[in-house]
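Have the model open as you read.

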Amino acid sequence: MPPKDATSSKRKADSLATDEEEEKEDKKAKKLRTLKQPSQATESTQPTNKVLPVDIKFPPRAQGALRIATWNICSWSASQKKGFKYYVEAEDPDILILTELKLNTPPVDPKLKERFPHLYWSFSEKKSYSGTAVLSKVKALNVTTELPGHPDPASIKGRLITLEFPSCYLISTYVVNAGTELKALDAKKTWNLHFTNYIRELDKKKPVVWTGDLNVAPTELDLTNGKKNWNKTAGYTEAETTAFKNILSPPGDDQTAFVDVWRKFHPTDRQYTYFSYRFNCRAKGIGWRLDMFVLSERLVERVKMCEIRGEIYGASDHCPVVLEIEGEL
């Protein structure tokens, strides 16, 4: 029997190898999203700049509303060089959720700390992988980064932060990618199983705001050329869309429903939050709607607006999504 330290080293090595495989699968999956969908593409009228403009303006928020924004920035360091701060200054959200930070420690940014006094982070153990943050002007009552019951807690690090506020929970996620050729679909099913139980248990206590990069295109309207991607590409399989649908409308009468808020406000629109940098996807209008807000049904009447900031492109291959909700959290 090997010494304890040797066993520990082997486990760590195995874990690192698994992380490296997951990262490779994630990159391949993103590539496949561009390769399998050119036929329905239409020329995009949105900007294709690779750096954000300095002067960005948005309509003022609704009176008495709190503004929450979510954005997959696809690397903290890269986005900082491409105009990240200009979006933050223009949007000025009360809460900003950031995913895919690719950081392992909190960045030093005094101006950001001044704007958002309460900073909450979740980092992966693997270098430059995953990472989630909630930057808030409102202090949370409690914070957790765990997914109860999940058999591999290490894989959750960098993917989830839950904040408890007086009247609701806010869950920010960078959801597991099913990978190229769906090699990680079983891992995604495990995530979905435990996350579904988790969000339902929270909802029994207080209503929930769930947001971030959810890594699923819920319907054919939410991606370009759904037929060619169906059950072939990560994010648009029967297993993934059914799991999402079961959160929105759970089977049985003892569970409350959730609402995909942007889709409720835009029932027939095609608008995307992710455009691969490859093959001029943005210019061709080839995209996916992966970033969204899902709310407990009883919260929806408080929502004043929910929009995809399609004009905010260049600092990431994702666009932000913003929601305004009336009253305090």
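Which strands does helix α6 lie across, and at about what angle does it run to β7?

## Helices on the sheet

Helix α6 (residues 185–205) lies across β5, β6 (160–164), β7, β8, β9 and β10 (291–296), and runs at about 165° to β7. Then there's α8, which packs on the sheet too, touching β8, β9 and β10, with its direction at about 125° to that of β9.

A few terms: contact means heavy atoms within 4.5 Å. Angles run from 0 to 180 degrees between N-to-C directions, with axes fitted as lines to C-alpha atoms, for helices over the stretch in contact. Helices (H or I, at least four residues) and strands (E, at least two) are DSSP runs, numbered from the N terminus.

## The sheet itself

Going across, the order is β5-β6-β7-β8-β10-β9: 6 strands in an open sheet with mixed pairing. Two strands count as paired if DSSP finds at least two bridges between them. β5 (142–144) and β9 (258–260) sit at the edges with a single partner strand each, so one side of each has no neighbour in the sheet. From one strand to the next, the twist averages 15°.

Strands β7 (residues 169–174) and β8 (residues 208–213) run parallel, joined by 6 bridges. L170 has V209 in β8 as its bridge partner.

## K245

K245 sits in helix α8 (residues 238–248). K245 is exposed, at 53% relative accessible area (exposed is over 50%, buried under 20%, partly exposed in between; 1.4 Å probe, protein chains only). Its C-alpha is 9.5 Å from that of T219, 26 residues apart along the chain.

## About the model

This is a predicted model: local features need pLDDT of at least 70, side-chain atom pairs count only at pLDDT 80 or more, and totals for chains, interfaces and linings use all residues. Residues are numbered from 1 along each chain as its sequence is written, and side-chain values use heavy atoms, leaving out hydrogens and water.
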